[in-house]
Amino acid sequence: MLELKDIHTRYGAITALRGVSLSVSQGELVALLGVNGAGKSTTLVSIAGVLRPWKGDILFEDRSIAGRSPEQIARLGISLVPEGRAIFPSLTVEENLRLGAFTRREKTEYSRNLGEVFELFPVLKDRMQQPGGTLSGGEQQQLAIGRALMSRPRLLMLDEPSLGLAPALVDQIFELIARLHRRGVTILLVEQNVERSLEIVDRAYLMNTGLIESQGTPQQLRTQTDIEGIYMGVRGPGK
Amino acid sequence: MINLEFIINTLSLGSLYAMLALGLVIVYGILRLVNFAYGELIMIGGYTLFLLTGFGPLPWLAVAVLAILAAMFTSLFTELVAFRPVREKSLTAMLITSFAVSALLQNAALLIISPRARAVTLPEIFQTSVMIAGTSVPWRNVLTILTSLLMLVLLTVLLKRTVLGIALRAAADNFTMTRMLGVPANTVISTAFAISGIMAGLVSIFWIARSSIVTPTIGAPPLLVAFVATVIGGMRSLTGAVVGGFVYAAMISLLGVLLPPGLLEFREAFMFAFVIIILLFLPQGLIRSKTSVERVG
């Protein structure tokens, strides 16, 4: 469904991605793991069209999407929940969700999707008229994911959804991701919480300094790689 | 001295300034661009009034609508040909572009029309007054208040009830995220420039109603008013723009009454001293925005 071929992306003068290749199949839950600064978020924003790769190609359902604008990519059904959630703080919860459905505004479909989001996140229903900025961190994360789901994305990308949340909420978020996966949503997950991620994913890629270092099923990765080092964050870049 | 007449006149001035400030801040909120060509949109509206009332057989209301449309389309056109090409470059590039557009439009007016002031014929109603509770109030002021009320209602409905309006507010919060939800950047920005142009067009009618003339540089004073009002109210919020407009008008009017006659000509100096004091204590203006600082890149 999604295929990255030798993607190079720069942040100004800094080369953040130095040839990333990865793929996600329909219905798969794939994690992109690694320490801070490994290029995980850069990979996601490159797919979403926020950063333009200067080399390489990104294929989504066999069409090249590299160099397209974020809005065009969103219309194809790719949805990113960015790091820090990026909900609209001055908009109400309802308005946040309504904008999430920008590409699917048809009335019956809208109310069906809204119903499903409420079923996943009942708390949002009680907060409909509240500005997004007044929600707690966990609620904001739910709103950010709910907003993404309003577009019924073909590919959902989550950037560090557990970051900054209390342990109980972290459990909830991972449970939720597993649940979405069981429902058939294709997910590309970026996480620093390696252990928890490996419990729920089909496959994972390990990134370091802008490159994919290794990949495989959780089992393969656990036996092959120095997971412990990445998990603890003790291994410096470049190894 | 602070009687009903004073209050209505101040409210009228405040309404005018609020519309002015809104037109400037709606673009700033999304692009972080202070559009220095905003004043020239008012000039375009003014010259449209001059040209059409001077020579045409059109009814006055139609002329007014055409003036507003002229300002709106000029605004859209400058966005398309001047701002859009440099949008991805840098904020400085856009700012310089806005100076260039301003100079270009002013010089076009100088060349095509005249450097001299032109008289604009306004309908009778702008010269007459109405009695409200025993006080004589110029119709012009009543119309200004009613128009700005109508615009505030329309703008609120647009921004709160329509998807496009919600997208505009979202873009002011986080433009990149708005685009990642599928909202086209160009649609949002064009809408903001269109609203800005409509505000400038409306203001041109009431601004010119106060002096009955139009000159190539007529846009400079309202631009300054709009800028100062948004700085007072807070550059990041539409509510702030409205509040700033009214505060500016209230301060100018109060100074006009309170200052001794000898100091009246320094009214603006006192005004700006006030603004500096406000900024010293409330650097973000009266209405703060909760959102982070972010710009289209």
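This briefing describes the sheets, helices, core and chain contacts of the structure shown above. The structure is a predicted model, and its overall scores are ipTM 0.91 and pTM 0.90. Chain A holds an open sheet of six strands and an open sheet of four strands, while 18 residues of chain B are in contact with 23 residues of chain A.

**Confidence**

- Chain B has a mean pLDDT of 90, and 96% of its residues reach 70 or more.
- Over residues 291-297 of chain B, however, the pLDDT is below 50, although this stretch still has 11 contacts in the model beyond near neighbours in sequence.
- Where pLDDT is low, the predicted coordinates should not be read in detail.

**The six-stranded sheet of chain A**

- The strands of this open sheet follow the order β6-β7-β8-β3-β9-β10 in chain A, and their pairing is mixed.
- At the edges stand β6 (78-81) and β10 (211-216) of chain A, and because each has a single partner strand, one side of each is left without a neighbour in the sheet.
- On average, and with direction ignored, neighbouring strands of this sheet are turned by 20 degrees against each other.
- Strand β9 (residues 203-208) of chain A runs antiparallel to β10(A), and five bridges join the two; A:Met207 stands opposite A:Ile212 in β10(A).
- Helix α1 (residues 40-48) of chain A lies across β3 (29-34), β6, β7 (155-159), β8 (186-191) and β9 of chain A, and its direction is at about 145 degrees to β7(A).
- Helix α7 (residues 167-182) of chain A also packs on this sheet, where it touches β3, β7 and β8 of chain A and makes an angle of about 160 degrees with the direction of β8(A).

**The four-stranded sheet of chain A**

- This open sheet has the order β2-β1-β4-β5 in chain A, with antiparallel pairing.
- Its edges are β2 and β5 (63-64) of chain A, each of which has a single partner strand, so one side of each is left without a neighbour in the sheet.
- Strands β1 (residues 2-11) and β2 (residues 14-24) of chain A pair in the antiparallel sense over eight bridges, and within this pair A:Leu4 stands opposite A:Leu22 in β2(A).
- The hairpin of β1(A) and β2(A) has two residues between the strands, and there A:Gly12 takes a positive phi near 60 degrees.
- Strand β4 (residues 55-60) of chain A is joined to β5(A) by two bridges, with the strands running antiparallel, and A:Phe60 stands opposite A:Arg63 in β5(A).
- Helix α1(A) lies across β1, β2 and β4 of chain A, and it runs at about 70 degrees to β2(A).

**The largest nonpolar core**

- The largest nonpolar core has 152 residues, of which A:Met157 and A:Leu189 touch the most other members.
- Helix α8 (residues 185-211) of chain B gives the most to this core, contributing 16 residues.
- Within chain A, the core draws at least three residues from each of domain 1 (1-74 + 181-239) and domain 2 (78-153).
- If neighbours within four places in sequence are left aside, the residues in contact with A:Leu189 include A:Leu29, A:Val30, A:Leu158, A:Ile177 and A:Val201.

**Where the chains touch**

- The contact between the chains involves 18 residues of chain B and 23 residues of chain A.
- On the chain B side, α6 (163-173) and α7 (175-180) each supply at least two residues, and the largest share of that side, six residues, comes from α6(B).

Definitions and conventions
Residues are numbered from 1 along each chain as its sequence is written. Chains are lettered from A and ligands numbered from 1 in the order in which they are written. This is a predicted model: local features need pLDDT of at least 70, side-chain atom pairs count only at pLDDT 80 or more; totals for chains, interfaces and linings use all residues. pLDDT is the predictor's confidence in each residue, from 0 to 100. Two residues are in contact if their C-beta atoms, placed from the backbone, lie within 7 Å. Two strands pair if DSSP finds at least two bridges between them. Axes are lines fitted to C-alpha atoms, for helices over the stretch in contact, and angles run from 0 to 180 degrees between N-to-C directions. A nonpolar core is a set of buried Ala, Val, Leu, Ile, Met, Phe, Trp, Tyr and Cys residues joined through C-beta atoms within 7 Å. A residue is buried if 20 or more other C-beta atoms lie within 10 Å of its own, exposed if 12 or fewer, and partly exposed in between; C-beta atoms are placed from the backbone. Domain bounds come from an automatic or database domain assignment.
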